[in-house]
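Subject: Structure handover

Hello,

Here is the structure I promised you. Please open it first, then read my notes below.

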Amino acid sequence: MAKKQTAPARTTLEEVNESLTSTAQKLEENKKYIYVAVGAAVALILLAAGFIYGIYLPNKTKALEQIGKADIEYLQQDTVNALKDYQKAFDSFSNKESERAAFNAAIILYQQGKYKEAASYLEKYNAAGTLVGPAAQSLLGDCYVNQKQYEKAIGAFDKAVSMANNNEIYAPVFMLKKATVLHELKKYAEEAALYQDVKDNYPVYVQGSGFNVDKYIERANALAGK
């Protein structure tokens, strides 16, 4: 069975400006309606300013304060209150800062063995980047494995590999996790092929980790009748 992960990975204003720029271009192209358009542009600017100063920035600050409080609690090993504050931050705000709270809440829930709840947060988390994004997808895969939702786990590990963008350290780890799931599903030929892929394309990882990939290739091939 796929090995359970006990230590999870650690692991706008621009849009408003683009909207205003687009409005300005349209004014130049439609001078026939310039007076109406100018009035609309002024209204848009006022609305944008109200959003930036009245909603966006305060919400960002409040979210960061809430998450910062949770971070301190987590470092102090007060996971009960840290989880509550991460959840509160995610539920109360809708911005990039609050999304990090979803990831951190998922980590705590996973550590508590609450895999379904952890997965629900990770499914809402917009993973990005070549480190945090793949780590989040890998953790989601682990949640699925622990719920015996193996096909979903394979999908999550595939996405983690893709987001890792051939990273010599992380990509093979996610591939090996997928291989354990394929073994559980008795898809031995696919399992062997994946181990071979790791051996051929990630020699740095194989050599550095001491992972006996040949042993697992041989086992998978034997089970596949090759």
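**Rings and a charge**

Lys124 sits over the face of Tyr121, 5.4 Å from the ring centre. A charge counts as over a ring if NZ of Lys or CZ of Arg is within 6 Å of the ring centre and within 35 degrees of the ring normal.

A word on the source. This is a predicted model, where local features need pLDDT of at least 70 and side-chain atom pairs count only at pLDDT 80 or more, while totals for chains, interfaces and linings use all residues. Residues are numbered from 1 along each chain as its sequence is written, and side-chain values use heavy atoms, leaving out hydrogens and water.

Back to the rings. The structure holds six aromatic pairs (rings of Phe, Tyr and Trp, the last by its six-membered ring, with centres within 6.5 Å; planes under 30 degrees apart are stacked, over 60 edge-to-face, the rest tilted). One of them joins Phe90 and Tyr121, edge-to-face, at 5.7 Å centre to centre and 65° between the planes. This pair links distant parts of the chain: Phe90 is in helix H3 (residues 79–92) and Tyr121 in helix H5 (residues 115–124), 31 residues apart. Helices here are DSSP runs of H or I, at least four residues, numbered from the N terminus. Both Phe90 and Tyr121 are buried (under 20% relative accessible area; exposed is over 50%, partly exposed in between, with a 1.4 Å probe and protein chains only).

Phe211 and Tyr216 are stacked, at 5.1 Å and 15°. Phe211 is partly exposed, because its relative accessible area is 22%. Tyr216 is partly exposed too, at 25%.

**The core**

Which residues touch the most other members of the largest nonpolar core? They are Tyr86, Phe103, Tyr121, Leu122, Cys143 and Val181, out of 52 residues. H4 gives the most to this core, nine residues. Such a core is a set of buried Ala, Val, Leu, Ile, Met, Phe, Trp, Tyr and Cys residues joined through side-chain atoms within 4.5 Å.

Asn104 lies in helix H4 (residues 96–111). Asn104 counts as buried because its relative accessibility is 12%. Beyond neighbours within four places in sequence, Asn104 is in contact (heavy atoms within 4.5 Å) with Asp71 and Tyr86.

**Helix H8**

The buried residues of H8 include Phe174, Leu176 and Val181. Their cover includes helices H6 (132–146), H7 (150–164), H9 (188–201) and H10 (203–209). Just after H8, Lys186 takes a positive phi of about 65°.

Best wishes

Key. Helix = DSSP H or I, 4+ residues; strand = E, 2+ residues; numbered from the N terminus.
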